[in-house]
Amino acid sequence: MSEQLSYASAIAELEQIVAKMQSDNCDIDSLSGYTTRAMELLKYCKQKLFTTDEEVKKCLESLNS
Amino acid sequence: MSAHSFFGQPQPAMTLSQFATAIGNAVRMSPVLQGAWVVAELSDVRVSGGHCYMELIEKNQAGQTVAKLRATIWQSRFSYIRQKFIAATGREIMTGMKVLLNGSASHHTLYGLSFSVNDIDPSYTLGDMERLRREILMRLHKEGVIGLNKTRVMPPAPQRIAVISAEGAAGYGDFINHLLGNQEEFAFYPVLIPAVMQGEKTSASVRDALDFVIRTIDMWDCVAILRGGGATTDLNGFDDYDLARAVATFPLPVVVGIGHERDRTVLDEIAHTRMKTPTAVAGFFVDTLRAAYDKVRGLVDYVARYSTDRLAGEARRLANCEGMIPALAEARLAGARALLERELTRIPVLVSARISRNITSLDNYASLLKALAPRQCSRNAERLSELQNRFSVAADGALKRNAARVDALAGMVSVLSPDNTLRRGYSITRVDGKAVTDASILSPGQRIVTCFRHGDITSVVE
């Protein structure tokens, strides 16, 4: 995912998917798409939380000068 | 000793030290000046050689100093008084504080008048500090900004943290260690923005740091203001109106870890989040990220489980349908068969009804025919005889005409017949059996046969 998705919007999107599933209007064909997207979002969040983003680090370090 | 006046007789006089001693005695003897409780503001507080030296001052409404007196807490009393004060307020005795002291005035011939402190009532100072804090909070409340920072939204996973703290301070070190060494290995991006964190320069310095954060606001998720390393030190700088306002109105959520267990400054009341120590602030960030991660995992879990359950449910439905199909088909067939049977039994009935209807119809036609036929027959017989007549008349006529023609033709035939022609005297000449009509074809010597009505002769051509 190349969009500038933030952690907050990832959570929001996941909550939307869950809401759709809970609304009973969810048809079987969409399930695959939702599940795939949920996995994508999980991967994104994990990356954000656990991997140091070198660009962010460099940017903030340059402030000290 | 005596002095001589200009006109002769000397005035009785004492020496300065005698005078000073007398002052000293008078002061020592005055009950009002001994063991008195006095309120004053502290100025120029300094500790030297175990003794605490200070200036007691009083200011009026306008802020002008209207009274001043040197004071000392001698080493013998200082440790007791200091401990008592710290125990009650969590602070050191310092400049700017308003205190309630017990002590006695004394006059020294050389050093003059001073106040010797014997005891202190810390509750007065506490009360004063509280009063000051309350005033600041009231002001912020009136301005409508007191709860503002608490309304700022802390991102679910705050990682880019602007840390305002003193460079090299133990508190900052603890924070960094705890944050970057977190068990789950969450990634954080803390950046130190150094500031003075004690004394009267605190407010201005921290506000400068906050301004820097605002100028680079897009780079941050939140701010952490940290100080403290365990020892009780000057936190007065944080009970400042300008600093409090800056934090209250700050556009990012501010987390403070600047006191200890018990001590609360104005900033503790107005910041978005307040923790006891810098280490606790680090713990707060780690907990926040953990909660965010758990939330995401919970949601994804739900999605996976729902999908699985749903698919399993659909598989069961399908299996049920599969099982039901033969029975349904059978039921359908039985129904069709029954229908067929019913129809079959009806057919003979319908057929015979149809037949009898047709018979009736036929009878009707027959009767109709019978009624109509004679008339039709006689009409037809009439026509027939009429046609007969016309035919025989026409036939007769035709026959007669033909007979006449035949007769005519016969007549002509007889007239034109060779026999008739021969009778008239003509003869037929033949060569090789064929009749000759042209004499030129004959050549002398040829045999010709000539037929007369009676007999024929053969000749030779000359």
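Begin this tour of a predicted model by selecting what covers the buried residues of α3 in chain B: the covering elements include α2 (75-89), β4 (98-108), β5 (112-120), α7 (241-248) and α8 (266-270) of chain B.

**Helix α3**

Next, select helix α3 of chain B itself, residues 122-142. Within α3(B), colour the buried residues B:P122, B:T125, B:M129, B:I136 and B:L140. These cover an arc of only 70° around the axis, which puts them on the same side of α3(B). An α-helix has 3.6 residues a turn, so residues three or four places apart point the same way. Just after α3(B), stop at B:G144, whose phi is positive, at about 75°.

**The barrel**

Now display the strands of chain B that form a closed barrel: five of them, in the order β1-β2-β3-β5-β4, with mixed pairing. On average, neighbouring strands of this sheet are turned by 50° against each other, direction ignored. Helix α3(B) packs on the sheet, where it touches β1 (36-48), β4 and β5 of chain B, and its direction makes about 130° with that of β4(B). For a view of one pairing, select β3 (residues 65-73) and β5 of chain B, which pair in the parallel sense over two bridges. Here B:T72 stands opposite B:S116 of β5(B).

**The nonpolar cores**

Which residues have the most contacts inside the largest nonpolar core? Select B:V223, B:I225, B:V247 and B:L267, which hold that place in a core of 64 residues. The largest share of this core, 10 residues, is contributed by helix α9 (residues 278-416) of chain B. Centre the view on B:V223: leaving aside residues up to four places away in sequence, B:V223 touches B:A162, B:I164, B:V213, B:F250, B:L252 and B:V254. A second, separate core has 16 residues, among them B:A40, B:M54, B:I73 and B:L101.

**The contact with chain A**

Finally, show both chains: 25 residues of chain B are in contact with 26 residues of chain A. On the chain B side, the elements that give two or more residues are β7 (189-194) and α9. Of these residues, 14 come from α9(B), the largest share of the side that touches chain A.

How values were computed:
Residues are numbered from 1 along each chain as its sequence is written. Chains are lettered from A and ligands numbered from 1 in the order in which they are written. This is a predicted model: local features need pLDDT of at least 70, side-chain atom pairs count only at pLDDT 80 or more; totals for chains, interfaces and linings use all residues. Helices (H or I, at least four residues) and strands (E, at least two) are DSSP runs, numbered from the N terminus. The expected span of a helix is 1.5 Å times one less than its number of residues. A residue is buried if 20 or more other C-beta atoms lie within 10 Å of its own, exposed if 12 or fewer, and partly exposed in between; C-beta atoms are placed from the backbone. The arc is that of the directions from the helix axis to the C-beta atoms. Two residues are in contact if their C-beta atoms, placed from the backbone, lie within 7 Å. Two strands pair if DSSP finds at least two bridges between them. Axes are lines fitted to C-alpha atoms, for helices over the stretch in contact, and angles run from 0 to 180 degrees between N-to-C directions. A nonpolar core is a set of buried Ala, Val, Leu, Ile, Met, Phe, Trp, Tyr and Cys residues joined through C-beta atoms within 7 Å.
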